[in-house]
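Let us read a structure feature by feature.

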Amino acid sequence: MNALSQSKLDKIVTDTVAKKNIFGAAFRVATPDQSVALTSAAGNIGPDSPFYIASINKLFVAALTLRLVRDNRLSLSDPISKYLPGYLMLGLHVYQGQDYSEEITVQHLITQTSGLPYYLIDKRPNGPKVMEELLAGHDQAWTTDQVVAQVKRMKPKFRPGQKGKASYGNTNFRLLGRVLEIVTGKSLDKLLTQLFEELDLATTFVIRPNTTRAFVAVYSKSNPVHLPRYFASSRYDIVSTTHDLMAFLKAFFGGYFYPKDKLPELEQWNAVFFPFRYGVGMQQFRMPWIFSPFKPILDMVGHCGSVGTAAFYVPQKNIFITGTINQTSNPQLLFQTMIKILNQL
C-alpha cells in the first residue's frame with residue numbers, strides 16, 4: 001500500500017473546502033488493523049465534529065434487521081403484513097389496478113425492490129415535491145403514518161420483487177423501521193441508541209424532538225437548512241462523527257451483526273441510479289472502467305447520504321472511508337474527494 005500521509009489527506013480535504021458552497025469537510029481513512037488511521041477536517045467541521053449523516057442511517061437500520069434475522073426473530077422472506085397493522089397495509093401497493101400489498105416482504109423493503117413510491121422526491125398528485133419544500137426551509141414532521149398516507153396517493157413504480165427492478169427511497173426503510181419496532185416492542189430510536197451504546201459510539205445520537213445536542217448545520221448551496229421537526233419525526237435520523245461511523249462500519253463488515261461468512265449474501269445488486277447499485281441494506285458505488293481506463297476507480301460498498309456523507313468499505317484495498325462535505329447540492333464532489341484519497345493508497 002502506498003503511503004497516504006496526513007499532509008496528503010489534509011491537502012485533499014482543504015482543496016475540497018475551497019470549492020463553492022463547501023463550508024466544511026471531514027474524512028477518516030483506516031484499515032481494519034489500524035495500520036492506516038488518518039483523520040482530516042477543514043472549514044467549519046473539526047475532526048470530532050458531529051454532523052447529520054442522512055441516508056447512512058439505512059445501514060444502521062439494516063444492521064438491526066440483519067441481527068434479528070441472524071437470531072431467527074425475523075425472516076427476510078416474511079410478508080410485512082405479518083407485522084404491520086391492517087390500516088397501513090390497506091391499499092399500500094396498487095399497481096396498474098391490481099393490489100400487491102400482501103406480496104411485499106421484508107426482503108423487498110431492505111433491498112429497495114418493493115416498487116413503492118418515494119414520498120420525498122417523487123411527484124405528488126398535488127403541490128410541490130416534499131424535498132423541495134424541506135430544502136426551501138419549510139420544516140414539517142413526517143411520521144410513518146403520514147408517509148404511508150402520502151404513498152397511497154402516489155403511483156407505485158413496479159410490482160414488488162419484479163425481476164431486475166429497484167427504486168431507491170426512504171419509504172421502504174420507514175416501513176422496515178416500523179416492522180423492527182413491532183418485532184422488538186421497542187421504538188426505533190431506542191433500538192438505535194442501544195446499538196450506539198453497545199459499540200461505544202459516544203458522539204452518535206438519534207435526533208429527537210427535544211434534542212439539545214448540537215451538530216454542524218447542513219447546507220443547501222449557501223443556505224443552512226434547519227429541519228428539527230422533520231429530522232425528529234423519523235426516529236432514525238442520526239448525527240455522528242467520522243470516528244464513530246468508522247467504528248460502526250468495522251463492526252458491520254467484521255460480522256458483528258450478521259456472520260462475516262454470510263456477508264456476500266448481501267451483495268444482491270440491482271441498479272438504482274448511476275453509479276449505484278443496491279443490495280441488502282447497502283449500496284455499491286461502481287464506476288465502469290470506461291470512465292477511467294488508465295486508473296480504475298475502485299468499487300466501494302456501504303452507504304452514502306444526500307447531504308454529502310459517506311461510510312464505505314473498499315474491498316480491493318481492505319480499507320474503510322467515512323466523511324462528509326455537508327452539502328446537499330453537490331453529491332459528485334463527495335465521490336471526487338474520496339477517489340482522490342483512494343488514489344493515494
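**Helix packing, fold and backbone**

Q: At what angle do helix 2 and helix 10 pack?
A: Axes are lines fitted to C-alpha atoms, for helices over the stretch in contact, and angles run from 0 to 180 degrees between N-to-C directions. Helix 2 (residues 57-70) packs on helix 10 (residues 242-253) at about 35°, and their axes are 11 Å apart. This is a predicted model: local features need pLDDT of at least 70, side-chain atom pairs count only at pLDDT 80 or more, and totals for chains, interfaces and linings use all residues. Residues are numbered from 1 along each chain as its sequence is written, and side-chain values use heavy atoms, with hydrogens and water left out.

Q: Is the crossing of helix 2 and helix 10 left-handed or right-handed?
A: A crossing is left-handed if the near helix is turned anticlockwise from the far one by less than a right angle, and right-handed if clockwise. The crossing of helix 2 and helix 10 is left-handed.

Q: Which residues of helix 2 and helix 10 meet?
A: Contact means heavy atoms within 4.5 Å. Helix 2 brings Leu59, Phe60, Ala63 and Leu66. Helix 10 brings Leu245, Phe248, Leu249 and Phe252. By class, this contact of helix 2 with helix 10 has eight nonpolar residues, no polar and no charged ones. Nonpolar here covers Ala, Val, Leu, Ile, Met, Phe, Trp, Tyr, Cys and Pro; Asp, Glu, Lys and Arg are charged, and the others, Gly among them, are polar.

Q: How many helices and strands does the protein chain have?
A: Helices (H or I, at least four residues) and strands (E, at least two) are DSSP runs, numbered from the N terminus. The protein chain has 11 helices and 15 strands.

Q: What does the radius of gyration say about the protein chain?
A: It is taken over C-alpha atoms, and the globule rule is 2.2 Å times the number of residues to the power 0.38. For 345 residues, a compact globule would have a value near 20 Å; the protein chain has 19 Å, which agrees. The C-alpha trace spans about 60 × 45 × 45 Å along its principal axes. Among contacts between residues at least 6 apart in sequence, 68% join residues at least 24 apart.

Q: What percentage of the residues is buried?
A: Buried means under 20% relative accessible area, exposed over 50%, partly exposed in between (1.4 Å probe, protein chains only). Of the 345 residues, 57% are buried. Thr105 counts as buried because its relative accessibility is 13%. Thr105 lies in the loop between strand 5 (98-99) and helix 4 (106-110). Beyond its neighbours within four places in sequence, Thr105 is in contact with Leu76, Ser77, Asp78, Pro79 and Ile80.

Q: Where does Lys19 lie?
A: Lys19 is in the loop between helix 1 (6-17) and strand 1 (24-30). At 40% relative accessibility, Lys19 counts as partly exposed. Lys19 and Leu333 are 314 residues apart along the chain, yet their C-alpha atoms are separated by 9.0 Å.

Q: Which residues does a cis peptide bond join, and which have a positive phi?
A: Most residues other than glycine have a negative phi, and most peptide bonds are trans. Here a cis bond joins Phe274 and Pro275, with omega about 0°. Pro275 sits in the loop between strand 10 (270-273) and strand 11 (276-278). Gln96 has a positive phi, near 50°. Gln96 counts as exposed, at 71% relative accessibility. Arg235 also has a positive phi, about 70°. Arg235 lies in the loop between helix 9 (228-234) and strand 9 (238-240).
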